[in-house]
Amino acid sequence: MVIRKSEREIEIMRKAGRIVADALVMTREIAKEGVTTEDLNTRLEEYVLQKGGIPVFKGYRGYPKSICASINEEIVHGIPNQRKLRNGDILSVDIGVEYNKYVGDAAITIPIGEISEEAESLLRVCEEALNKAIEKTCVNNKLSEVSRSIQEYVEGKGMSVIRDYTGHGIGRQMHEDPQIPNFVSKELLRADEVLLQGMALAIEPMICVGNYDTEVLKNKWTVVTKDRKLSAHFEHTVVVTENGAEVLTI
Ligand code: MF3
Ligand code: CO
């Protein structure tokens with residue numbers, strides 16, 4: 001069941017979204033060559049707490065850290081550790097914050113130093129896919145049109161969309177209905193939703209340069225591409241309004 005949010009609830013979600021957005025701005029400033037993903041986790045966790053937020057990933061189904069930090073072939077759910085960022089890496093950082101009982105969730109993929117042309121275009125295509133999806137997120141459009149816009153754009157660029165993980169509704173819970181796949185399937189069309197005012201959605205294209213098959217590492221969390229080729233992830237929390245989507249994590 002999709003839970004629509006009232007203006008009062010959206011106002012709180014704006015505040016959660018603001019903390020997430022500012023934490024991601026800070027991420028761009030501090031994620032440099034030589035910094036460990038554990039350092040990033042510590043700094044961002046401190047920042048979120050200082051702003052009155054709660055890092056929601058920590059403890060979620062036993063997840064041990066406050067952010068996800070996924071490098072290169074890692075798609076999502078990379079666990080921060082002592083690994084140092086290196087020149088040429090691409091780093092995806094995903095943050096979820098609860099504020100006053102409501103959640104905001106967003107992710108970016110950023111270059112560390114000088115990256116390959118392939119990596120550059122992967123990042124550009126993923127961010128653009130998210131922007132196109134947001135443009136499709138308006139009252140009376142169908143959810144499948146959002147998914148289709150991502151798939152068509154990404155595949156048109158010769159890249160693949162990850163199929164094993166999806167975006168999601170968001171609100172009091174980090175994961176609410178509906179699921180938001182980044183591709184169109186029979187199942188999606190069968191369960192298609194008409195977008196209505198007050199729906200809050202975390203739209204999150206995860207894409208890769210090779211094949212879309214995934215694997216989970218032995219730590220039980222980190223998702224990687226099976227072919228170990230590069231992957232990227234961008235995410236925003238948005239709310240459907242009468243005049244299009246309002247992005248809460250910008
Ligand atoms: N943004 C991700 C999601 O929507 C992050 C969840 S990671 C977890 O699922 F650690 F909290 F599980
Ligand atoms: Co999410």
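## Working through the cobalt site and its neighbour

In this predicted model, the cobalt ion (ligand 2) has six donor atoms around it, and the angles they subtend run from 66 to 169 degrees, so the arrangement is irregular.

**Exercise 1.** Work out which protein residues hold the cobalt ion (ligand 2), and how they are spaced in sequence.

*Solution.* Start with the atoms: the protein donors are Asp-105 (OD), His-168 (NE2), Glu-204 (OE) and Glu-235 (OE). Next, check the distances, which fall at 2.1 to 2.3 Å from the ion. Finally, walk along the chain and you get the spacing D-x62-H-x35-E-x30-E.

**Exercise 2.** Find the polar side-chain atoms that sit by nitrogen or oxygen atoms of ligand 1.

*Solution.* Take the nitrogens: one is 2.6 Å from a side-chain N or O atom of Asp-94, and a polar side-chain atom of Glu-235 is 3.2 Å from a ligand nitrogen. Then the oxygen: His-168 has a side-chain N or O atom 2.7 Å from one. As for cover, the protein takes up 94% of the 330 Å² of accessible area that ligand 1 has on its own.

Conventions: Residues are numbered from 1 along each chain as its sequence is written. Chains are lettered from A and ligands numbered from 1 in the order in which they are written. This is a predicted model: local features need pLDDT of at least 70, side-chain atom pairs count only at pLDDT 80 or more; totals for chains, interfaces and linings use all residues. Side-chain values use heavy atoms; hydrogens and water are left out. A polar contact is a pair of N or O atoms within 3.5 Å; within protein, one must be able to donate a hydrogen and the other to accept it, and residues adjacent in sequence count only if both atoms are side-chain atoms. Accessible areas come from the Shrake-Rupley method with a 1.4 Å probe; for residues, only the protein chains shown count as cover. Donors are N, O and S atoms within 2.8 Å of the metal (3.2 Å for Na, K and Ca); water is not among the atoms, so sites may look incomplete. Four donors count as tetrahedral if all angles lie between 85 and 135 degrees; four count as square planar and six as octahedral if opposite donors are over 155 degrees apart and all others between 65 and 115; anything else is irregular.
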